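Subject: Structure for your review

Dear colleague,

Please find below the structure that I am handing over to you. My notes on what was found in it follow directly after.

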Amino acid sequence: MLAVLVLAVVFLVMKLLFSKRELNAHLLKDEIYLNENLVYTDNTAGAKEWLWEFGDGEKMTKQSGFYRFKQSGNYLVRLTVDGEMQRQFAVVVKDTVPVLVIDSIRITGPTSGTVGEQLRLEAEGDANIFEWNFGETGRVDAKGRTAFYTFRSPGRYNVILKTDKSAAPVYYTLNITEFDDLEMIDPGAGSAAMMDDFKLHLQAIANGKNFNTHYYYLVKKYLCNGEKTSAQATDETGSKKTDFYSYCIGLTFSKNIVIDEVGLTLSPKKCVGMVNVQQHRTEK
């Protein structure tokens, strides 16, 4: 009889204890982004079973963990502990903020030039607005994908390009020297062979030979890969100044061009910094 009484008392005490048990659960954050984990946990005393329902049809039966929503929106997350106690949490899931790619825009063109020489730089990449500051005036010097600029003073300049698709400006360095700092090749024994070689390959381009073979031979051997090196061509119609690539492309569209003389200007690094061509057109 005493044993039965003791069991009854214990049962009554346990019932009273569990009836006062409180659900102790929480979320780390109730406002998250779409690519962010919802971290959840429950510390309810004596709990043995958990059911987390996230309001989008997905469920978890772990005591603690994390969940990632597939769509933004407002959700009502519900926790059921031991099949009895429940709590609901309002959660806001925001769209992920897009990350701007800052290295998708790059600048191509020469890395050096001379005072008074018109330089051309080009922007490559997906953008609609281009604003160029060549570092000499402190203002926007050109707009558009292709920019032309002529420096008035020698120095080392940081070109700044701003676009509508770059989170930060794109920088490019130009070394500008006085024209007198360049070395005019004297048509002597050694340099004559160099200019004759240059002339030979230009004539091959003008004659319709393989463009890439002769063009890149000159660019790699003499121009230090400077495809935007200045080039000036003089014929019976006058003189025209452009970059070396454009000049060579023009040769492929012209007919009956004869290269008479080639003059080369060397930079202090012994790269050709200027190409002067004397040419004429025959009547074939």
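Asn225 lies in the loop between H3 and E18; helices (H or I, at least four residues) and strands (E, at least two) are DSSP runs, numbered from the N terminus. Asn225 is exposed, at 52% relative accessible area, where buried means under 20% relative accessible area, exposed over 50% and partly exposed in between (1.4 Å probe, protein chains only). Although Asn225 is not a glycine, its phi is positive, at about 65°.

Before going further, a word on the basis of these notes. This is a predicted model, in which local features need pLDDT of at least 70 and side-chain atom pairs count only at pLDDT 80 or more, while totals for chains, interfaces and linings use all residues. Residues are numbered from 1 along each chain as its sequence is written, and side-chain values use heavy atoms, with hydrogens and water left out.

The loop between H3 and E18

Cys224 is found in this loop as well. Cys224 is not a glycine either, yet it has a positive phi of about 55°. With a relative accessibility of 42%, Cys224 counts as partly exposed. Thr229 also belongs to the loop between H3 and E18, but Thr229 is buried, with a relative accessible area of 9%. A polar atom of the Thr229 side chain lies 2.6 Å from the backbone oxygen of Gly226. This is a polar contact, that is, a pair of N or O atoms within 3.5 Å; within protein, one must be able to donate a hydrogen and the other to accept it, and residues adjacent in sequence count only if both atoms are side-chain atoms.

Lys228 and Pro110 are 118 residues apart in sequence, but their C-alpha atoms are 5.4 Å apart in space. Pro110 lies in the loop between strand E9 (106-108) and strand E10 (112-114), and it is buried, with a relative accessible area of 10%.

The disulfide

How many disulfides does a search of the whole structure find? The search finds one, a disulfide being a pair of cysteine sulfur atoms within 2.5 Å. It is formed by Cys224 and Cys271, whose sulfur atoms are 1.8 Å apart. Cys224 lies in the loop between helix H3 (211-221) and E18, and Cys271 in the loop between strand E20 (257-266) and E21, so the pair ties together parts that are 47 residues apart in sequence. The torsion about the S-S bond is about -90°, so the disulfide is left-handed. Cys271 counts as buried, at 14% relative accessibility.

Which residues of H3 are buried? They are Phe211, His214, Tyr215, Leu218 and Val219. Seen down the axis of H3, these buried residues fall within an arc of 130°, so they line one face of the helix; the arc is that of the directions from the helix axis to the C-beta atoms. Thr213, Lys220 and Lys221, on the other side of H3, are exposed. At the start of H3, a side-chain oxygen of Asn210 comes to within 3.3 Å of the backbone nitrogen of Asn212.

In H4, the residues Phe244, Tyr247, Cys248 and Leu251 are buried. They cover an arc of only 95° around the axis, which puts them on the same side of H4. Cys248 has a relative accessibility of 0%. The start of H4 has a contact in which a side-chain oxygen of Asp243 reaches to within 3.2 Å of the backbone nitrogen of Tyr245.

The second largest pocket

The second largest pocket is lined by 18 residues, of which Ala233, Lys240, Tyr247, Ser254 and Gln279 lie nearest its centre. The elements that give two or more residues to this lining are strand E18 (230-235), strand E19 (238-243), helix H4 (244-253) and strand E21 (272-281). E18 gives the most, with five residues. On a 1 Å grid over the protein atoms alone, a pocket is an open set of points where a 1.4 Å probe fits, with protein on both sides within 12 Å along at least five of seven lines; lining residues have an atom within 4 Å of a point.

A side chain in E12

Asn133 lies in strand E12 (residues 130-133) and is buried, with a relative accessible area of 17%. Its side chain reaches the backbone nitrogen of Gly135 at 2.8 Å.

With kind regards
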